Amino acid sequence: MVSRVIPVEVFDLVIFGATGDLATRKILPGLYRRFYGGHMPEEARIIGCARSEMDAAGFRDLARRAIDEFVDAGKHDAAQIAAFLDRLEYVPVDATGTSGWPELKALMRPDVVNAFYFSVAPALFGEIAERLHGHGIAGPDARIVVEKPFGRDLASARALNATLAAHFDEHQIYRIDHYLGKETVQNLMAVRFANILFEPLWNSQYVDHVQITVAETVGVGGRGSYYDKSGAMRDMVQNHMMQLLCLIAMEPPYHYDPDAVRDEKLKVIRALQPMAAGDIVRGQYRGTGGKRALSSYLDDVENPQSRTESYIALKVQIANWRWQGTPFYLRTGKRLRARTSEIAITFKQPPHSIFDEADHDWRENVLVIRLQPNEGMNLKVMIKEPGPGGMRLVQVPLDMSFADALGDEGADIPDAYERLIMDVIRGNQTLFMRGDEVEAAWAWADPVIAGWEARGERPQGYDSGSSGPDDALMLMHRDGRRWREIRG
């Protein structure tokens, strides 16, 4: 199989916050991998901007160290690295002042794609947008990429959107959510809309329920001060998991077109029913003793009175014809048993079984879409157990990992940031959130958060390395269902 890559135009990509953690861990290594794969034009340039006083040589040294640490050794080709580093420039810029902006303007080429990546705190988005506009650096065809969080509630999201809209049109704004860049998430669209097999069954008549799990083994680490003001609902559910829910539940768009796709996602968010208190479980991880002692959430955030959740499970209902009566169960948390992200669509049992119930262990068909680790899909189906023991049924998986199914191409799946940055250069907004999507998601989430704050609820403690609070199990058990086991 020959990989077909849509070419990109020559570009100048400016990274604000170029010396920060995200740039060194994800953006610069990802750009090198695209260059190594031959997907970057020869004349493309990457311009780093930050407050740090350094020159281009210093920035290239920083990028070389990032490649050494975060790119697989198999791609450490000296000639390729040198050629990539030659494309890097650096300008010290004061995001809230005047220094550096004339120098940045002098570097930009007007006849190529101009893109600006805001890898900085949201508080600086407006300052940078205003200066790009005021200094005449960003023209009407320029593109800006902004990182989450997109506000912390509806009011702040609206204010942020208004700030950006004062200087850029919506078609220029790329709100990046790296979950949408994952290969499996995009393949969800292909599985649904490029095959006749699943879409006729993709509704409440045939689907019993859907589970979305994003489990992490790490705690909040050095993000304690940020995380304690955010929590799992704001950090994960309102954005990442909401996007996954939309892609599963949305109606077929008229075309694979940015606004057509985002229109259908928006309809899903607006159809979400208000949440009942009994459909929400929140938790905080506890510490452990012994030789491998782990700190508790309260220790990590240095706030013994914190009521912020490191875990949340929700039962969500969608009020439309396709999904009425089919629950969506969402859960995400830190310090859980294994690192895994998956979507599981559980189908209903056949209306009538012709087989003797005593002779088989009946289980529903389940389509499992793995986001991490080992991206891929499997479909669990019932077959006859091999052997002469009569008609005994067992469940087996029809498994497809991308690495196995696609050979070398599947083993070299681009990182989400690589794909999304190249989509920015191509001008393709399909995998980026629109402003009204962000606001609609906050309009749903705000009353949920306000509800538990008004009730004064404390999150339930759960053991590090477990699958979460006990009450989360009851969220499913009371409906006669069970969570899928969390495993890596």
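Here is a short walk through a few features of this structure. The model is predicted, so local features need pLDDT of at least 70, side-chain atom pairs count only at pLDDT 80 or more, and totals for chains, interfaces and linings use all residues. Residues are numbered from 1 along each chain as its sequence is written, and side-chain values use heavy atoms, with hydrogens and water left out.

Let's start with two helices (DSSP runs of H or I, at least four residues, numbered from the N terminus). Helix 1 covers residues 21-36 and helix 2 covers residues 56-70; their axes (lines fitted to C-alpha atoms over the stretch in contact) come within 9 Å and cross at roughly 85 degrees. Helix 1 and helix 2 are therefore roughly perpendicular (65 to 115 degrees, on a scale from 0 to 180 between N-to-C directions). Where they are in contact (heavy atoms within 4.5 Å), residues including L28 and Y32 of helix 1 meet residues of helix 2, among them F59 and I67.

Next, look for two cis peptide bonds. One joins K148 and P149, with omega about 10 degrees. The other runs from Q372 to P373, with omega near -15 degrees.

Are they buried or exposed? R335 is buried (under 20%), with a relative accessible area of 9%.

Terms used. Angles under 35 degrees count as roughly parallel, over 145 as roughly antiparallel, 65 to 115 as roughly perpendicular and the rest as oblique. Buried means under 20% relative accessible area, exposed over 50%, partly exposed in between (1.4 Å probe, protein chains only).
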